[in-house]
Amino acid sequence: MRCLHVWEEEYVVRHLTDDYGNQVKIWLRGSVTVQPPGSDTCCPGCGAYHVTSFPTGYLSRHPELVPMPAPAPEPVAELPAARDVVVRAPMARAALPGRLLLAVGLPVALFVGYELYENMTRVVHPR
């Protein structure tokens, strides 16, 4: 409901009765047991967990909600093969945990180094 992304998933529901007479529903998607559609479903567009479901066939009755298919990519012209060419991808930005370690670890290392330097260069005067 945050990004208004609309998608459709098909489930198979099996109604079973256990040995004690209790009714059980098992939800399957692609022959794999999954949680019911209303529990912990997140939007594939933005990842939000506040989603809603519509009755079966809702999208077929409302074609304006179905997203348009992505345009086909234009063909790329083939370049002649070059030999011994090194292609380097641009460097990716450092991951957040690495940045956090650098931001916290560097000042701590400098502080500890300074304290060690002060303790080693301090002149001890016996009394």
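This is a predicted model: local features need pLDDT of at least 70, side-chain atom pairs count only at pLDDT 80 or more; totals for chains, interfaces and linings use all residues.
Which residue in the turn of the hairpin formed by S1 and S2 has a positive phi? Residues are numbered from 1 along each chain as its sequence is written, and side-chain values use heavy atoms, with hydrogens and water left out.

**View 1. The hairpin of S1 and S2.** Gly21, in the turn, has a positive phi of about 90°, and five residues separate the two strands. Strands are DSSP runs of E with at least two residues, numbered from the N terminus; two strands pair if DSSP finds at least two bridges between them. S1 (residues 12-17) and S2 (residues 23-29) run antiparallel and are joined by six bridges. Leu16 lies opposite Val24 in S2.

**View 2. The hairpin of S2 and S3.** Three bridges pair S2 with S3 (residues 32-34) in the antiparallel sense. Arg29 has Val32 in S3 as its bridge partner. Two residues lie between these strands, and Gly30 takes a positive phi near 65°.

**View 3. Cys43 and Cys46.** Cys43 counts as buried at 5% relative accessibility, whereas Cys46 is partly exposed, with a relative accessible area of 28%. Buried means under 20% relative accessible area, exposed over 50%, and partly exposed in between (1.4 Å probe, protein chains only). The count of disulfides (pairs of cysteine sulfur atoms within 2.5 Å) is zero.

Note on methods: Helices (H or I, at least four residues) and strands (E, at least two) are DSSP runs, numbered from the N terminus.
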